[in-house]
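Student: Could we walk through this one together, with charged pairs to begin and a helix to finish?
Tutor: Gladly! Have a look at the structure first.

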Amino acid sequence: MDLKQATKLINNAKNIILTTHIVPDPDGIGSLIALSSALKKLKKNVEIVLEKELAHKYSYLDTANQVKCFSKLKISKKIDLFIVLDANNLERTGDNVKLINQHAKELLFIDHHPSSLEVKALHLIDTSYVATGEIVANLIKKLKIKLDKEIALCLYTAILIDTSSFNYPTMKSRTHQIISELIDAGVSPKDAFRKINTQQNLNFIYLTGLVLRNCKIDGKLIYSSVTQSALSKHDVDLDDTFGLINHFIHVEGVDIACMFFEIDENKTKVSFRSFSGVDVGSIAEVFGGGGHTYSSATVMNSSLKAAQQKIIPKLNIILLKINSRQP
Ligand SMILES: [Mn+2]
């Protein structure tokens, strides 16, 4: 589906519910609030519903208090359109939120994660965009809705975080053009950056130091881990540590970064970043996960140690093969 078809679907709907994936990130949240605020300007009845309460650190983006938790939702009216942002699988929206689809006439995924051709044909999914926020910015333009400062800040933050501050190789001039329009609409890049990046307390900085100091380099691979004992010692939420892997972009000579997050003693989340073109989306798929070429993740039913023992040797084999192919 293209922007024009999505615009038609939205124009034909009156009662719309928006959501994003569980453990929502700034791209999901920014896209949600921006699209909701924009659709309200078209006099649509819009509601944003998440499986859990919005994390406090993002509440500054929700100036009109639009985000509701599922338990506070009453589905009274018929729903014309259910829009899922930054995900293309209902399972990712949460056990309760996914059921909203049963009450909705139409479902629309707006996303930039890879999906099958069949799903792409029916939904607004385009992996060439750096962020869902970038697609939403284009959609808002196509709907001829004027950007205001609040909408612009949400979209700017979505793109800022999903490109690790405009650093990803997927950045194109068209993304910078959108960013320029967002700045013209009133966003202060300095304030937007500080708001999303400087809400951490000193304990978080100490934990960051620990995780970075414990990193290991194995050939072209760099990795570290976040353990439950380190989290409780520093009183930090696991969800707040998923960005730590981005620090490894500063290390010279590595192709892939990998971070192991201990969810519990039998569950480990593994994140991958690629700095040199190696497709870590496919690597995550090998281990049952998925994502983008440069950024991906999986969750394994293994202890942290077992996950490391399974993944690190395989990554080394992949890197050896890839590097031996290069001239
Ligand atoms: Mn995203």
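Tutor: One definition to begin: a residue is buried under 20% relative accessible area, exposed over 50%, and partly exposed in between. Please keep in mind that this is a predicted model.

Student: Is Lys57 buried, exposed or partly exposed?
Tutor: The relative accessibility of Lys57 is 23%. Buried requires a value under 20% and exposed a value over 50%. Lys57 therefore counts as partly exposed.

Student: Which residue does the side chain of Lys57 meet in a salt bridge?
Tutor: The N to O distance of this pair is 2.1 Å. A salt bridge calls for a side-chain nitrogen of Lys or Arg within 4 Å of a carboxyl oxygen of Asp or Glu. The partner of Lys57 is Asp240.

Student: How many residues apart in sequence are the parts that Asp240 and Lys57 tie together?
Tutor: Asp240 lies in the loop between α9 (228-234) and β9 (256-264). Lys57 lies in the loop between β2 (45-50) and β3 (67-69). The pair therefore ties together parts whose separation in sequence is 183 residues.

Student: What about Lys41 and Asp148: how many residues apart in sequence are the parts they tie together?
Tutor: Their side chains meet in a salt bridge, at 2.9 Å from N to O. Lys41 lies in helix α2 (residues 26-41), while Asp148 lies in the loop between α4 (132-142) and α5 (149-162), so the parts tied together are separated in sequence by 107 residues.

Student: How many salt bridges does the structure hold?
Tutor: Besides the pairs we have discussed, Lys98 and Glu91 meet in a salt bridge at 3.2 Å, N to O. Lys78, Asp80 and Lys105 are linked in a network of salt bridges. The total for the structure is 9.

Student: Now the helix: how far apart are the end C-alpha atoms of α6?
Tutor: Helix α6 has 12 residues (173-184), and at 1.5 Å a residue they should span 16 Å.

Student: Which helices do the buried residues of α6 pack against?
Tutor: Thr175, Ile178, Ile179 and Leu182 are buried in α6. They cover an arc of only 100° around the axis, which puts them on the same side of α6. On the other side of α6, Ser173 and Asp184 are exposed. The buried residues of α6 pack against α4 and α5.

Student: Which residue just after α6 takes a positive phi?
Tutor: We look just after α6 for this one. The phi there is about 120°, and the residue is Gly186.

Terms used:
Residues numbered from 1 in each chain as written. Predicted model: local features only at pLDDT ≥ 70, side-chain atom pairs only at ≥ 80, totals over all residues. Heavy atoms only, no water. Helix = DSSP H or I, 4+ residues; strand = E, 2+ residues; numbered from the N terminus. Buried < 20%, exposed > 50% of the residue type's maximum accessible area, 1.4 Å probe, protein only. Expected span 1.5 Å × (residues − 1). Arc of directions from axis to C-beta. Contact = heavy atoms within 4.5 Å.
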